[in-house]
Amino acid sequence: MKAIAAALAVCASFLAVSVVLAQNQNADKPAAGATPKYDPAIYAELQKAPEKARNRVNPLQNDPDAVAAGAILFQQHCAECHGDSAQGSRKAPSLRAPEVQNATPGTLFWLITNGVVRKKMPVWSKLPEAQRWQLVRYIQSLDAAAPAPESPAPKP
C-alpha cells in the first residue's frame, strides 16, 4: 500500500512540474487565434518591389465589382493565413497595417504575384492577372483601424 501511495505522489509531483514547465515555455507565445504583436520589420518585403512595379496602376480601380470579387478570392486563398478579416495571425501579418494600406496598388500586386517564399507566402502568379488586381482592390478597401465585423450590424 505504501508503494502505491509513493508512486502516486511521484506521479502527482511529475504532473505538477510538467504543468509549470509548459506554462513557462508558452509564456511568450500569443494565444491560439490571437493577433500577433505589431512588428514593422514584417512589412519590409513591401520595400523590395521594383520602382516599375510600384508605379503600376490597378486597371480595376474603378470597377465597382472588384472589391466583392476580391473578397471572395481572399476567403479562398488568403484567409487561412491572414485571418478571415485580414487582421493577421501567427501564420501571416495583418493586411490592415498602415504599411499595407499605404502601399501602392502596384506594390501589392507585385507582392501577391511573387510571394515571400522564405516566409511561407505562396507565389500567386498562376492566378489570372485580373484576380490578383481584384485582391489588391479588396485589400486596399479594408479599414486599417479596425477588424471587419464578424457579422453585419443589426438594423435598427
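Is E80 buried or exposed? E80 is exposed, at 66% relative accessible area (exposed means over 50%, buried under 20% and partly exposed in between, with a 1.4 Å probe and protein chains only). These legends describe a predicted model, in which local features need pLDDT of at least 70, side-chain atom pairs count only at pLDDT 80 or more, and totals for chains, interfaces and linings use all residues. Residues are numbered from 1 along each chain as its sequence is written, and side-chain values use heavy atoms, with hydrogens and water left out.

**View 1. E80 pairs with K91 in a salt bridge.** The N to O distance here is 3.8 Å (a salt bridge is a side-chain nitrogen of Lys or Arg within 4 Å of a carboxyl oxygen of Asp or Glu). E80 sits in helix α4 and K91 in the loop between α4 (79-82) and α5 (98-101), so the bridge ties together parts eleven residues apart in sequence. Helices here are DSSP runs of H or I with at least four residues, numbered from the N terminus.

**View 2. E129 reaches R56 through another salt bridge.** This one spans 3.1 Å, N to O. E129 belongs to helix α7, while R56 is in the loop between α2 (51-54) and α3 (66-77), so the pair links parts 73 residues apart in sequence. E129 is partly exposed at 40%, and R56 is partly exposed too, at 35%.

**View 3. E45 and K48 meet in a salt bridge.** Their N to O distance is 3.0 Å. E45 is buried, with a relative accessible area of 14%, whereas K48 is partly exposed at 47%. Shared partners join E45, K48 and R118 into one salt-bridge network. By this rule, the count comes to four salt bridges.

**View 4. Helix α6 crosses helix α7.** The axes of α6 (residues 105-114) and α7 (residues 129-141) come within 9 Å and cross at roughly 125° (axes are lines fitted to C-alpha atoms over the stretch in contact, with angles from 0 to 180 degrees between N-to-C directions). The two helices are therefore oblique to each other (under 35 degrees is roughly parallel, over 145 roughly antiparallel, 65 to 115 roughly perpendicular, and the rest oblique). On the α6 side, look for P105, G106, L108, F109, I112 and T113; they meet E129, R132, W133, L135, V136, I139 and Q140 in α7 (contact means heavy atoms within 4.5 Å).
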